[in-house]
Each structure stands twice: as C-alpha cells, then as structure tokens.
Amino acid sequence: MIEHLRIQNFKSWRDTKDIRLAPITAFFGSNSSGKTSLLQSILALKQTAASFDRKRAFDFGEEGREQDLVVFGSFQDVVHRHEPERSIGIELNWSLPVPAQMGEDLHAHDITYQVEWRAVQGEVVVSDLQYRTAGLEFDLKRTDPNLPLYEWSLNRPGHDIPKQSASSSPPDSCYGIPREFARTAVDIDLLEFNHQFELLMDRIAYLGPLREYPHRSYTWTGAAPKTIDPRGRGAIEALLAVQRQRTNGKAQAAMPSMIERVAYWLRRFELADQFQLTPIDTEQRNYEARLQAHGSEANLSDVGFGVSQVLPIIVLLHFVPEDSIVILEQPEIHLHPRVQMDLADLFIEVAQTRHVQIIFESHSEHLLRRLQRRIAEESVTPDQAALYFCALERGESHLSHLKLDEFGNITNWPPDFFGDDFGEIAAMNEAALARRAKQGSA
C-alpha cells in the first residue's frame with residue numbers, strides 16, 4: 001500500500017507537502033483544482049517505468065498511443081507555472097506485502113522513493129534519485145549540468161562507505177539504480193530497490209472517467225487479460241477468463257465467483273436482478289452480457305448507460321490481485337445519487353476483504369456522505385479513510401485534509417465545499433417572496 005505521497009512543481013502543485021494515503025483515499029474539489037494531477041503523478045511513474053525506452057527519464061505520453069495512461073505534452077507543459085528552470089519532484093513511501101531482503105541481515109518492510117527531474121539543454125534528465133528504508137539510504141545525484149556525471153552515496157549506520165562518482169549512463173528510466181553502482185555496495189543488494197519499485201508499479205491499476213460504450217457481443221480468444229485498460233476494455237474478458245479457471249478447478253468452488261460478485265453488486269445498486277454472460281455460438285468464442293431487471297431480460301447495450309459505466313469498476317476491484325492499488329477518476333460519473341452512495345460500500349468491502357487500496361478523485365457529495373455514515377456506524381475507522389479537499393488560488397493548488405471524528409463529522413468543513421446550498425435556498429425563498437408580492441400588488 002502507498003502510505004505517503006508528495007509532489008513538487010507538478011502542474012498546479014508547487015508543493016503538496018506530505019500526503020498520508022489510507023486504504024480508501026479520496027480527493028474532492030472543484031474543476032481544475034488539481035485533484036486529477038495528484039493521481040497523474042503516480043500514473044506518470046507507472047507509465048515511465050513501463051516505457052520500452054529505458055533511457056527515457058520521463059514518459060510524457062503521445063496522442064493516439066493507446067497504452068498511455070496520461071498525455072502531458074512537454075516538460076514546460078507539466079512544470080509548475082511553465083517555468084522550465086524549476087525541477088519536478090515526486091516522493092512515494094509504500095509498505096511491502098512481503099519484506100524484502102536487502103542484505104544478509106537487512107530486511108525492508110517499507111521503502112521511500114524520491115526522484116527529481118530537470119530540463120537540461122532541451123532534454124529531461126533525472127537530477128536526483130533516492131531510496132530509503134530502515135537502516136539504509138541511497139542517493140544518486142547528477143553533479144554536472146552539462147555532462148552525465150553522477151555521484152552516489154550509501155549511508156548505513158555502523159558502516160563507513162565513502163561517496164563515489166562515475167562518468168556513466170544516467171539511471172535507468174526514472175527509478176533504476178545502474179548495475180555498476182549496485183555492484184560496489186558490499187553486502188547490500190541495491191538492485192532490490194529496482195525490483196521492489198517495479199513490483200509496486202505492477203500492482204497499480206487505473207480506470208479513467210470515460211469508459212467505453214457497451215457492446216452487443218464480445219469476442220473472446222480464451223486468454224486472460226493482464227489488466228483492464230483505462231477505458232474499461234477487457235472487463236468482460238476478465239470475467240470469462242476467471243470463470244473458465246473456476247470451471248477447470250483453479251478456484252475454490254466454495255467462494256462466490258466473480259460473476260456472482262458482479263451480480264450481487266448490481267443488485268445492491270438496484271441496477272439489475274441478475275447478470276450473466278451467454279455464449280452465442282457453438283465454439284463459445286462470442287458472448288453477450290445479459291441482465292434481468294423488473295422481470296424482463298435485455299442485452300447490456302439495451303439497458304441504462306449507468307450499468308456499463310459501473311460494471312468495469314466492480315470487475316476491476318475484484319479482478320486485480322490482493323494488495324493492489326486501484327486509481328479511479330470520477331467513479332460516480334453517469335450514476336444515480338443512490339448508486340454513488342453505494343459505491344462507498346463497494347470500496348469499503350474491497351479494501352477490507354481484498355486488501356486493495358483505492359485512491360480516487362470525485363465530485364460526489366453522496367459518496368462522501370456514505371463514507372461519513374459508515375465511519376459513524378463503525379464499519380470503517382477514520383484512519384482507514386483519508387479525505388482531502390483541493391482548491392486553486394491564484395494559479396496554485398492547495399490541499400486540506402478533511403478531519404474526521406469518530407462520528408463521521410468533518411470538523412474543518414471548507415466553505416462552499418459542494419456549492420452554497422444555504423445560499424441557493426435563501427435566494428429561492430427571496431425570489432418566491434418577491435413573486436408573491438408582485439402577484440399580490442397586481
């Protein structure tokens with residue numbers, strides 16, 4: 001689980017300071033307040049780490065490239081206030097599902113990673129790369145603005161390890177400690193930092209706000225998708241793959257199937273009574289998704305649009321391995337307020353039973369209110385939910401931690417958080433009184 005995040009000079013954020021992330025972490029705020037950028041900072045790391053070009057220090061994405069999670073443009077487009085002399089920084093701290101052996105007598109239970117990028121002669125480079133864990137600190141810093149000269153230092157209490165420098169290639173991608181440095185660290189496996197970072201990135205899944213329209217039928221090759229893409233493509237294929245594994249005895253028969261879990265949540269959301277995937281050819285290569293509601297059965301493409309929008313969320317949260325991190329952008333889009341509230345219950349159950357961390361940004365007051373209610377009911381503790389409000393002032397984003405008491409109350413509610421309800425009601429009443437007065441004098 002990602003425990004802490006900090007970003008500097010990234011888009012509208014000059015410095016977020018330390019942000020505590022919880023099993024359920026939500027960012028609220030108005031449009032263009034910077035909440036999406038917080039998610040994009042993590043996605044940028046994942047995208048860069050997955051780039052085929054290992055020398056690319058920052059993968060900004062490209063228009064039309066389907067695998068991209070984010071498309072930024074250039075360094076000047078991303079850096080705060082578009083001032084290219086600034087450096088962009090991201091810091092992550094995450095706990096490891098299984099302790100990592102860094103040396104014969106050194107085990108890491110959590111890791112802090114910090115990276116800094118600069119624009120040098122039109123090229124984006126890593127100017128500083130740091131890893132920290134209990135009893136060990138590694139720092140790789142660029143020492144010459146014009147040449148790829150790096151100095152590394154390794155600090156381990158009780159061990160005298162002098163600083164060294166080398167004229168060599170820069171770090172691999174945005175995270176990789178070069179092997180030539182790693183080999184000189186006696187009794188320490190510095191490459192384990194690289195490995196643990198890659199494992200973290202592999203555990204991150206993302207679903208964007210614009211999910212694809214439902215299809216009347218789905219062709220399945222029989223292969224299990226690695227993940228569900230940001231538009232929700234692959235959700236039906238994932239259900240079919242897990243169902244086949246279950247049929248072949250690779251899943252515990254006593255556990256509810258994923259299709260049964262999907263059907264359960266669609267009933268909870270009052271969107272469908274039943275859900276099934278039905279083969280429409282003898283080879284079982286083509287399927288249609290069918291739902292039953294209020295006594296009638298229909299194809300997924302013939303029912304309300306909200307079903308197709310929430311379906312990838314349900315599937316993704318049950319398809320990712322345990323200990324994954326799921327990033328969601330506007331999960332409530334196209335959903336009825338009642339369903340928006342029930343999304344909070346879905347997030348709570350998945351976080352508690354599957355140990356999946358859910359980080360999302362939202363405009364939904366209904367989702368927030370349900371989270372508050374569940375805290376009051378002791379279904380979730382305030383420590384298990386980290387809620388934040390983003391605001392933009394004079395071109396710079398600011399973050400407020402919403403403080404929750406044990407009864408679910410937000411003790412530092414920002415003004416006009418979800419608009420000015422009381423102001424609207426007062427204005428409506430004033431208008432009504434004015435109309436009555438006008439009608440009475442007529």
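Axes are lines fitted to C-alpha atoms, for helices over the stretch in contact, and angles run from 0 to 180 degrees between N-to-C directions. Helices (H or I, at least four residues) and strands (E, at least two) are DSSP runs, numbered from the N terminus. The structure is a predicted model, in which local features need pLDDT of at least 70 and side-chain atom pairs count only at pLDDT 80 or more, while totals for chains, interfaces and linings use all residues. Residues are numbered from 1 along each chain as its sequence is written, and side-chain values use heavy atoms, with hydrogens and water left out.

Helix α1 (residues 35-49) and helix α4 (residues 191-202) have axes that come within 10 Å and cross at roughly 115°. Their crossing is left-handed; a crossing has this hand if the near helix is turned anticlockwise from the far one by less than a right angle, and is right-handed if clockwise. On the α1 side the contact (heavy atoms within 4.5 Å) is made by Leu45, Lys46 and Ala49, and on the α4 side by Phe197, Met201 and Asp202. By class, the contact of α1 with α4 has four nonpolar, no polar and two charged residues. Here Ala, Val, Leu, Ile, Met, Phe, Trp, Tyr, Cys and Pro count as nonpolar, Asp, Glu, Lys and Arg as charged, and the others, Gly among them, as polar.

The second pair is helix α6 (residues 258-268) with helix α8 (residues 337-353), which pack at an angle of about 145° with their axes 10 Å apart. The crossing of α6 and α8 is right-handed. Arg261, Tyr264, Trp265 and Arg268 in α6 meet Asp342, Asp345, Leu346 and Glu349 in α8. The residues of this contact of α6 with α8 divide into three nonpolar, no polar and five charged. An α-helix has 3.6 residues a turn, so residues three or four places apart point the same way. Just after α6, glutamate 270 takes a positive phi of about 60°.

Another helix, α7 (residues 305-319), has 15 residues and reaches 22 Å from its first C-alpha to its last, close to the 21 Å expected at 1.5 Å a residue. That expected span is 1.5 Å times one less than the number of residues. Helix α7 is mostly covered, with 14 of its 15 residues buried.

The strands come next. An open sheet of six strands runs in the order β11-β16-β17-β4-β18-β19, with mixed pairing; two strands pair if DSSP finds at least two bridges between them. At the edges stand β11 (204-207) and β19 (396-401), each with a single partner strand, so one side of each is left without a neighbour in the sheet. Neighbouring strands of this sheet are turned by 20° against each other on average, direction ignored.

Strand β4 (residues 24-29) pairs in the parallel sense with β17 (residues 357-362) over five bridges, and phenylalanine 28 has serine 362 of β17 as its bridge partner. Strand β4 also pairs in the parallel sense with β18 (residues 385-393), over six bridges; there the bridge partner of phenylalanine 27 is tyrosine 388. In a regular strand the side chains alternate between the two faces of the sheet. Both faces of β4 are covered: Ile24, Ala26 and Phe28 on one side and Thr25, Phe27 and Gly29 on the other are all buried. Strand β16 (residues 325-329) pairs with β17 in the parallel sense over five bridges, and valine 326 has isoleucine 358 of β17 as its bridge partner.

Serine 87 lies in the loop between α2 (75-78) and β5 (88-103), and counts as buried because its relative accessibility is 13%. Leaving aside neighbours within four places in sequence, serine 87 is in contact with Gln8, Asn9, Glu116, Trp117 and Arg118. Glutamine 284, in the loop between β13 (274-279) and β14 (286-293), has a phi near 55°, a positive value in a residue other than glycine. At 40% relative accessibility, glutamine 284 counts as partly exposed. Histidine 294 has a positive phi of about 55° although it is not a glycine, and is placed in the loop between β14 and β15 (296-299). Histidine 294 is exposed, with a relative accessible area of 78%.

Terms used: Buried means under 20% relative accessible area, exposed over 50%, partly exposed in between (1.4 Å probe, protein chains only).
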